[in-house]
Structure formats: C-alpha cells, structure tokens
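Open the model in your viewer and get ready to select residues by number. We will go from the whole chain to its parts.

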Amino acid sequence: MVSRMKIIVTGGAGFLGSHIVDHLLKQGENIFIIDNFSTGTLENIAHHLGKRNFNFSKADLRRPEEWMQSFKDARVVFHYAANPDVKTSVLDPETHFNENILATFNVLEAVRKYDVEYMIFASSSTVYGEPALIPTPENYTPMEPISIYGAFKLACENLISTYARLYGFRYLIIRYANIVGKRSNHGVIYDFVNKLRKNSSVLDILGDGTQKKSYMYVDDAIDATIHLYSLLLRGKLDDYIFNVGSEDWITVLDIANIVVKEMGLSDVVFHLNPQTEDGRGWVGDVKLMLLDISKLKKTGFTPRYSSYDAVTQAVKDYIGNMRK
Ligand SMILES: NC(=O)c1ccc[n+]([C@@H]2O[C@H](COP(=O)([O-])OP(=O)(O)OC[C@H]3O[C@@H](n4cnc5c(N)ncnc54)[C@H](O)[C@@H]3O)[C@@H](O)[C@H]2O)c1
C-alpha cells in the first residue's frame, strides 16, 4: 500500500469513522477528519491528538465553505458522516435530506473540484428494503427501501456511481449490516443496557421482539473495510459494491437475553411494544435482514464473529467502558 497519502475521513470522530482512522494512522497515512461532532466525540479520537500526521476540523458538511479547501491534495475520502438514525428519518425527512443527501453532494463536489482519486462510502443494508430473497445479494432487485434513511443511502450510492463515471474516480460502496462494539453510541444494545441500568426489573422492547437481523462486530467490519480498500488501491477489485455483515442472524429477544445475562441480572420482565400491526419497533424498521456475503468472502475475507458473539462482545465492551 502507498504510504503517507492524504486521506479525508468525514465522520471520523464517530463510531465507525474513528476505527477507520485508527487503522489508517497505523498504516502511516496522513489523516484529516471533517466532523461536526453532532454524534461523534473528541474522546473517540483523543489518543491521536498531537500526532504529526493527524488533523481534524470541526466543520459541517452542509456548509462546504467551512471545509472545502481541506480537500486540496487529498487522494482518498472515506465518507462516513451521516445522520445514522433510521427511526427519526421517517419523522423528519428534511433534516435527513440535509445531513445525508446534501452532505454527500457537497463531498462529491469537493471530490470533483480537487480530483480526489478514491471514495469509500458507508452505505447500509436498508437499501434493500424488505427483499424476497434472504440472504440478500448485492444484485438483488427491486431495491425498495422502507425508510427515508434507506432511500437516501440508495440515492447517495447512485450519485456516487454517476459522479465516478462522469469525473473519473474509483469508488467503493459498503452496505453494512448492524455494526456493534466499542464506541457505538446508538442502537439496540445501547438502548437495552441504559434502560436496564435505570430499572433492572423491567425491559421495554421496541417491537414484538421477533425482528431478526445480522450483527457484525466492529473489528470484523473495519477489517473487511480495510481489506476491500487495499484491494481497490491495488486495482484488484472488479466490482465496487459489497455487503459487509456476519453470516447469521439473531432476534431482538435473543439480544435482550444476552444483555440481561452479561449484566448479571435475572427475573427481568420483557415488555413488548409493537409500534405497527406486524410487530415492528418503529415505522421503517426492517423486520428481517441477513446479507449474502459470498462476494466479500470470494475476495478472501471471512468474519470471525457470529451475530451472537458480536452482540455478546459489544455488551461486554459497553458495560466495561461504563465502569471506567
Ligand atoms: N453503525 C452501523 O451499524 C451502520 C450500519 C450501516 C451504515 N452505517 C453508516 O456508517 C456511517 C457511520 O455511522 P456510525 O454508526 O459510525 O454513526 P456515528 O453517528 O457514530 O458517526 C457519524 C459521524 O458523522 C458526524 N456527522 C454527522 N453529520 C455531520 C455533518 N453534517 N457534518 C460533519 N459531520 C457530521 C457525526 O458527528 C459522527 O461523528 C454512517 O454513514 C452510517 O449511516 C452505520
């Protein structure tokens, strides 16, 4: 891999972005983070402060005048900044439009203006909506997202591939399953642990608990990302869209049981709260999600953690971090 490239990481102070930054800095790259710290934290990147090849700008992707010129001399952008909250996207599409579509458009304009050579985009399993085929492969059609978040991710994918064709850069679109682990600041594990800390006898569960999805541990997700990225740089990828997830799935009730066990609790009563007639946790919640990762595996990467082990490890990480 070529070293000391200038690499922009949008959302580099967030959960996934900060892990990407850790890896790229270890490889000796020159990292520049753009993050508005809306959900990201300084704590996630504090261990890099003062390093010669590490810089960050507190700036908002919705306002390109704040950061556009930092793209000068950049060869790569990992575009990981977004509003990742599927639930609120359905309630407030305009905010999500600005934080996902407008932000991505502005990044693409910077890529175009400064001739950035590679763009890596954090997409999502939600682009598939409720596919008839599970596990779902990358070429599944019709793609009919059921949340505004999923629709905006799909729109961003289209924008990126069209910009790449028109203006000549290489790109990688990664459709992540649910990623869990160190530094995660949202999602079902975070929600359950915090509720049980407040009240350890009752757990309110969004939905009927039968929602069944794939969970991937963050180390696996980042290793897969860096693996695909290095193949891209070496010209060894003949395709640019990859599912990244674990090979199996578990239910929300399984997760509740793991959290209860790892917190050392017993006799917790589960209160199920279906928000739709068919038992979803919220409008726009996909009930069944398992990605077909055979394409990823063919490139030589296999995840180490099952969904059960990923969730168990993530609960341990979260509880451990709270005790510090
Ligand atoms: N975590 C998952 O399970 C998962 C799954 C699929 C896709 N993704 C995608 O991966 C990416 C990272 O997600 P995450 O889970 O790390 O979330 P996160 O909230 O921890 O990270 C998002 C980062 O983007 C920053 N940000 C948001 N809006 C911004 C703006 N307008 N300008 C500048 N910075 C801004 C936030 O401060 C934060 O640091 C997102 O694009 C998300 O949609 C995540």
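Domain bounds here come from an automatic or database domain assignment. Color domain 1 as 6–179 + 215–244, and domain 2 as 184–214 + 248–289 + 305–323. Residues are numbered from 1 along each chain as its sequence is written. The model is predicted: local features need pLDDT of at least 70, side-chain atom pairs count only at pLDDT 80 or more, and totals for chains, interfaces and linings use all residues.

**Between the domains**

The C-alpha centres of the two domains lie 26 Å apart. The contact takes 20 residues from domain 1 and 19 residues from domain 2. (Two residues are in contact if their C-beta atoms, placed from the backbone, lie within 7 Å.) Now select α2 (86–91) and β10 (215–217): each gives at least two residues to the side of domain 1 that touches domain 2. Helices (H or I, at least four residues) and strands (E, at least two) are DSSP runs, numbered from the N terminus.

**The sheet**

Next, show the open sheet of seven strands. Its order is β3-β2-β1-β4-β5-β6-β11, with parallel pairing. Two strands pair if DSSP finds at least two bridges between them. Which strands stand at the edges? Select β3 (54–58) and β11 (241–244): each has a single partner strand, so one side of each is left without a neighbour in the sheet.

Move to β4 (residues 76–79) and β5 (residues 118–124). Four bridges join these parallel strands. Click H79: F121 in β5 stands opposite.
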